[in-house]
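Please look through the model below, one region at a time.

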Amino acid sequence: SGYAGRYVNSAPWSFGNERSTSPAGEPWILGHFDEFDGSGQSIEYDLQYSPLDELRQAFLNDMLFLQGQNWLDPQSRALHVSFLLYNSNYDHFISNRYTVEMTAFGVVRPFSEIGVFRPGFVEYDLGFSMLSLDIIRLCFVLLICPVQIYWDFMYERRVNGAGCKHLYSVQGLADLAVGIIFFVMFGLRYGNFNVPSIDYFVQQAQTPLDAGEFAEQYNFHIVMDALISGLLLYRFAFFLRINRHFFLIWSTVEQAAMVGCRLLVIAVPVVVGLILVSMAVGGSYDENSRSFWSSLMRVMLLIYADVETVKDYDPNRGWQLSFNVALYFLMRLVFVNCWISVLIHEYQKVRVAAGSTETYRWKEYDYVVWCLPWPFRNLYLNFLRPKIERPAKDSVEE
C-alpha cells in the first residue's frame with residue numbers, strides 16, 4: 001500500500017462502507033438487474049504516478065494476486081472499474097465507469113457509463129463569454145416570457161371571454177416551460193458547476209470520488225438547454241402561421257395528428273407484437289433483436305426501408321421471411337397508406353375552410369399590427385414609417 005502508485009488507504013482485503021460515494025452523497029449504482037451501494041472491497045491507484053511502467057506492473061501484479069486469493073467469488077455481484085480523465089485542450093473531464101454485473105441466476109451483464117463534464121463554467125475567456133450570453137438570454141426570458149403570456153392571455157380573453165384557456169393550451173404551456181426550464185438550467189450551470197478545474201483536479205488527486213453523478217447532472221443541464229431551443233423553435237413555427245401556406249401545412253398536420261392518436265389504439269399493439277415476434281425470430285443469432293428497445297429500432301428501420309438493415313436479413317430462414325412479409329403488409333401497405341390518406345383528406349378540409357386567398361394577402365401594415373405590441377407598433381407607424389400604406393378605416397394613432 002502506498003508503493004508504485006497504490007494509494008496509502010487502499011485495503012482490498014477489508015470490507016468498506018460506501019467507499020465510492022459521489023460528491024452529492026449518492027452511494028449506489030443502478031445496474032440492469034440490481035442496485036449497488038458503495039460498500040465492498042476496493043483498491044485504488046494514482047494514475048498520475050510516474051513512471052507509469054511501474055504503476056502498470058503493480059496493477060498487473062495485484063490483479064494476479066487477487067485472482068489467486070479468490071477476490072471475486074460466487075457471492076460477488078458486481079465488479080466496478082472507475083477512473084477520471086482530463087482533457088486540458090478543451091478543459092473537460094471524462095468520467096469513466098465500467099461495471100460487470102453478476103447475478104445470482106448466472107447472467108453476466110457488462111455495461112459502461114462515460115460522461116463528459118466541466119466542474120466550473122466561469123473561468124477563462126470562454127467561460128466569461130458564455131456567462132455574458134446567458135445573462136443576455138436571461139434578460140430576454142424575463143422580458144419576453146411574461147409579455148408573451150400576458151399578450152396571449154388578453155387576446156384569448158378578448159376573443160373567447162376566458163383568458164385562462166391559453167394557460168392550458170400547448171402554446172401557453174410552451175411559454176411557461178421556456179421560463180421554468182431556463183431558470184433550472186441557469187441555476188445548475190452557475191450554481192452547481194462552480195468549482196474551478198484546477199481545484200477539482202487537486203481534490204480528485206487527494207481524495208478520489210466518483211464523478212458519474214456529476215457527469216449525469218452536466219448532461220442533464222445540456223439536454224435542458226436543447227429542450228429550450230426546441231420549444232423556441234416550436235413557438236417560432238407557430239408564429240409563422242400568419243403565412244397562408246404555413247398555416248395550411250400546420251393545421252393539416254395538427255388535425256391529422258388528432259386522427260392519428262385515435263389510430264394508436266390499433267397501431268401500438270400491432271407494433272409491440274411485431275417487436276416481440278422480431279425478438280423471437282432473430283434473438284438467437286442477431287444481437288440487435290435481443291432486447292425490446294433494440295428490436296424497436298430495428299423494426300422502425302425496416303419500416304423506413306433502411307438498406308443496411310434489410311441486407312442483414314437472410315431470406316433462407318422461413319420464419320424471418322414470413323416476418324418480413326407481415327411487416328411490409330401491415331406497416332407499408334396499411335398504416336403508412338392510411339396516414340397518407342388522412343393527411344390528404346385533412347389538407348382538403350383545411351384548404352376549403354381557410355376561404356379565399358384575398359384575405360391573406362397581407363402588406364407591411366398588416367404584419368406590423370399583428371406582430372408588434374402597441375408601444376413598438378406606434379413607434380414604427382408614427383416615427384419609423386409614417387408614410388406606410390394603411391387601410392382607410394385605420395387612423396394614425398392606432
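Leu167 is partly exposed, because its relative accessible area is 30% (buried is under 20%, exposed over 50%, partly exposed in between, with a 1.4 Å probe and protein chains only). This residue belongs to helix H3, residues 164-167; helices (H or I, at least four residues) and strands (E, at least two) are DSSP runs numbered from the N terminus. Leaving aside residues up to four places away in sequence, Leu167 touches Ile149, Gly172 and Leu173, where contact means heavy atoms within 4.5 Å. The model is predicted: local features need pLDDT of at least 70 and side-chain atom pairs pLDDT 80 or more, while totals for chains, interfaces and linings use all residues. Residues are numbered from 1 along each chain as its sequence is written, and side-chain values use heavy atoms, without hydrogens and water.

Strands E3, E4 and E5 form an open antiparallel sheet in that order; two strands pair if DSSP finds at least two bridges between them. E3 (78-87) and E5 (108-117) each have a single partner strand, so one side of each lacks a neighbour in the sheet. E3 is joined to E4 (residues 92-102) by 10 bridges, and Leu84 stands opposite Ser95 in E4. Helix H5 (residues 197-206) packs on this sheet and touches E3, E4 and E5. Helix H6 (residues 212-239) also packs on the sheet, touching E4 and E5.

Elsewhere, helices H7 (residues 244-282) and H10 (residues 318-353) pack at about 165 degrees, their axes 8 Å apart; axes are lines fitted to C-alpha atoms, for helices over the stretch in contact, and angles run from 0 to 180 degrees between N-to-C directions. H7 is therefore roughly antiparallel to H10 (angles over 145 degrees count as roughly antiparallel, under 35 as roughly parallel, 65 to 115 as roughly perpendicular and the rest as oblique).
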